[in-house]
Amino acid sequence: MTSTAQYLNASEAAERLGISPKALRLYEQRGLVSPARTSAGWRTYGPAELARAAEIAALRALGLSLAQVARILKGDPQGLEPVLAAHQIRLETEARRIAETVRTVRTLRTDLAEGRPPKINELVRLAKPAAEVVAAFDLPWPWGGERFELTDIKPLNYIIGPLGSGKTRLAKAIADHLPGAAFVGLDRVKDDAAEAGVRMKADPALKAQVEQTLAWLVEDGATISPALIALVAALEADDAAVLVIDMIEQGLDQATQEAVIAHLRSRRSDACPLFMLTRSSAILDLAAVGPDEAIIHCPANHNPPVRVMPYPGAPGFEAVATCLASPKIRARTEGVIAWRPQVA
C-alpha cells in the first residue's frame, strides 16, 4: 500500500458506495472484487477496488444479475437488451412526471404574472406531491375497528411484526380493500406447488416468463425449488394490480432469498406494487432499504400499524429489528404461529 489514507475498511467502503456491507461481501464471494487484507486480516479497499465495486453497484442498479455483471465486466453484452429496455421505460415514466411538473410551474408563473399568487399547498406539492389516500378501512381484530389509511404506496412494501401482532390479518385486509389486489397465501407451496404447475401448463406465455426469471435468479445464486417456482409464478402472472404475499421467504434458503429481493428491486417501474409479509433479515435488510420501499410495523401491543423509517433511532426501528431473524433461524421456526382466544 502506498498510503493507508487511500484505503477504506468494508463499512467505510460500503458507505462511500451507497451499498450495504453485505453487498460488498457478495461481490467478493462471486469473484467480482478482490479487496486487499491488512496484516491483521481485515479487508481493505483501495482506489481500484472501490472503482470496480462502484461499477458493479451501478450495473446492479440497472437490473443485472451478478452473473450478467460478470459477463459485462468481461466485455460480453449478453442479456443487456431487456435490461436496457426496462431502464428506458423507467426513464420515460420519470420524463412524463417531470414534464407534468414543468407544465404546472408554467401555469403558476402565468397566474402570478396576472396577479393571482399561488396557494401555499400548490407550492408545497411541487417539491412533495400530496400523498393520495389509496385505501381506507377499519382495522380487523385485534385492533378493534380503528381506521387505517394507505397512502403513497411504494413498489416494495414490507409488513412485519412479532408473532400474534395481527400482520396476516392486516395483509388480508389490504388485499380486500386495494382495488385489483390479490392475496398470495402459504397454500402456494401445497403439493409441491402443483397449482403453479397447472397455471403454467395452461399458459405458455406465463411458463416462458417464469423460466426466464428463474434463470436470472439461478445466475444470482438461487436454488430452484417448488416454493421458488410458486412464488415466481405468482409474481409473473400479471393478473393483479397489487400482490400481497404471505411470508415471502417460505421454503427459500438464504441465497435464494437474497436473489429474490435483488430481483424485485430490479423490476420495471410499472410492475405491480408488492406487500410482503416477512420476518427474514435477508428479505428485509434494514441497511439496504431504498427510497422505493416502505416498512409497515404491527406492534406487539396491538397499537395501530405504523410506517417505520429504516434508520437507527427512528421511531419503531428497534422494534422492527427485533422481529427479524436470519434465514437459518426462520427455517427452524417455520410454521410457528401465535394463538390467543378472541374475547366475546
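Two strands count as paired if DSSP finds at least two bridges between them. In this predicted model, E9 has asparagine 157 bridged to its alanine 294.

**Sheet layout**
- Six strands make up an open sheet with mixed pairing.
- Their order is E6-E7-E8-E5-E9-E10.
- Strand E6 (181-184) and strand E10 (306-308) are the edge strands, and each pairs on one side only.
- From one strand to the next, the twist averages 25 degrees.

**Strand E9 and its partners**
- E9 and E10 run antiparallel and are joined by three bridges.
- Isoleucine 295 has valine 308 of E10 as its bridge partner.
- Five of the five residues of E9 are buried, so the strand is largely enclosed by the rest of the structure.
- In a regular strand, side chains alternate between the two faces of the sheet.
- Glu293, Ile295 and His297 point one way from E9, while Ala294 and Ile296 point the other way.
- Both sets are buried.

**Nonpolar cores**
- The largest nonpolar core holds 45 residues.
- Leu264, Leu274, Leu284 and Ile295 have the most contacts inside this core.
- Elements giving two or more residues to the core are E5, helix H8 (194-202), helix H9 (204-219), helix H10 (226-236), E7, H11, E8 and helix H12 (317-323).
- H10 supplies the largest share, eight residues.
- Leucine 274, leaving aside neighbours within four places in sequence, is in contact with Pro155, Leu156, Asn157, Leu235, Leu243, Ile245, Leu264 and Arg267.
- Another core, of 22 residues, lies apart from the largest one.
- Among the residues of that other core are Tyr27, Leu32, Ile56 and Leu59.

Key: Residues numbered from 1 in each chain as written. Predicted model: local features only at pLDDT ≥ 70, side-chain atom pairs only at ≥ 80, totals over all residues. Heavy atoms only, no water. Helix = DSSP H or I, 4+ residues; strand = E, 2+ residues; numbered from the N terminus. Axes fitted to C-alpha atoms, helices over the stretch in contact; angles between N-to-C directions. Core = buried A, V, L, I, M, F, W, Y, C linked by side-chain atoms within 4.5 Å. Buried < 20%, exposed > 50% of the residue type's maximum accessible area, 1.4 Å probe, protein only. Contact = heavy atoms within 4.5 Å.
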